[in-house]
Each structure stands twice: as C-alpha cells, then as structure tokens.
Amino acid sequence: MRTRGLTIIVIRECVPHDLAITNEIIDDAFQPLRRVYHPKPEAILRQPRNFDDERVLLASIGQQFVATAAVIHCTDHLKMYRIAVRPQFQRMGIANTMILW
C-alpha cells in the first residue's frame, strides 16, 4: 500500500479470477487511442503473451480497480509493460507508484 497525498493506492498481484478486470482496465485505458489507431492483426500477434514468469499487478483506490501492469524478471533487470490506468484516474501518479512498488 502506498499513499499519494491523501489517496491510498493498494497494489497487489493478480489472481486468476482478476483476468476480466485487468482486460477491462486495459480496454478502458487504450479506448481513446483505438479511435485513431487500429492495429493490424500481425501487430497484435507480435504483442507479448503471458509468460510463465510474468507477474501481473493490479492497483485499486478504495473499492475500485484503477490500473494494471505486467512485470517479467529478466536476468539482470525487470521489464514492466502493458501499463494501463483508467482514464479518469490518469495523471494521479498511479503508474509511477506501480513502477516504484
């Protein structure tokens, strides 16, 4: 749990039943981009898929899930990708808090 000002952001690892929530957050976060960018099917196929060592994080404020990100442990570093924050919660430092978690 981290605090940003008076906002408490709770970050935890996803469990299997969280998959629908993470997909919903990703759809919400990238919906404005999808209005102007329509990826080709081959670009979608090149996107990273779930890895055995992948950890997916889920952030919440109060009872609402607001952000998600995926993390992979590489040999000498971490790789964080698929960072998504619901539009109404962007610019509040949530993604940064997830990176620092």
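A: Accessible areas, as used here, come from the Shrake-Rupley method with a 1.4 Å probe. On that basis, the accessible surface of the protein comes to about 7,100 Å², and 56% of this surface belongs to carbon and sulfur atoms. The model is a predicted one.

The protein has 3 helices and 5 strands, and from the N terminus on its elements follow the order β-β-α-α-β-β-β-α. Of the 101 residues in the protein, 32% are buried. Among contacts between residues at least 6 apart in sequence, 58% join residues at least 24 apart.

The largest nonpolar core has 13 residues. Within this core, the residues that touch the most other members are A59, V66, A67, I94 and M98. Two or more residues of the core come from each of the strands β2 (7-13), β3 (54-61) and β4 (64-73), and from the helix α3 (94-100). The greatest contribution is that of β4, which gives 4 residues. Apart from this core lies another, of 10 residues, and V56, A70, Y81 and A84 are among them.

When its neighbours within four places in sequence are left aside, A67 is in contact with I25, L57, L58, A59, A84, V85, I94 and M98. Of these partners, A59, I94 and M98 are, like A67, named among the residues of the largest core that touch the most other members. A84, by contrast, is named in the other core.

L33, V36 and Y37 make a nonpolar surface patch of about 300 Å². Of these residues, L33 has its place in helix α1 (residues 19-34). L33 counts as partly exposed because its relative accessible area is 38%, a value between the limits of 20% and 50%.

R82, although not a glycine, has a positive phi of about 50°. R82 lies in strand β5 (residues 78-85) and is partly exposed, with a relative accessible area of 29%. R91 likewise has a positive phi, near 70°, and is a residue other than glycine. R91 is found in the loop between β5 and α3. With a relative accessible area of 87%, R91 is exposed.

Conventions:
Residues numbered from 1 in each chain as written. Predicted model: local features only at pLDDT ≥ 70, side-chain atom pairs only at ≥ 80, totals over all residues. Heavy atoms only, no water. Core = buried A, V, L, I, M, F, W, Y, C linked by side-chain atoms within 4.5 Å. Buried < 20%, exposed > 50% of the residue type's maximum accessible area, 1.4 Å probe, protein only. Contact = heavy atoms within 4.5 Å. Patch = residues over 30% accessible without salt bridge, like charges linked within 9 Å, V, L, I, M, F, W, Y side chains within 5 Å. Salt bridge = Lys/Arg side-chain N within 4 Å of Asp/Glu carboxyl O.
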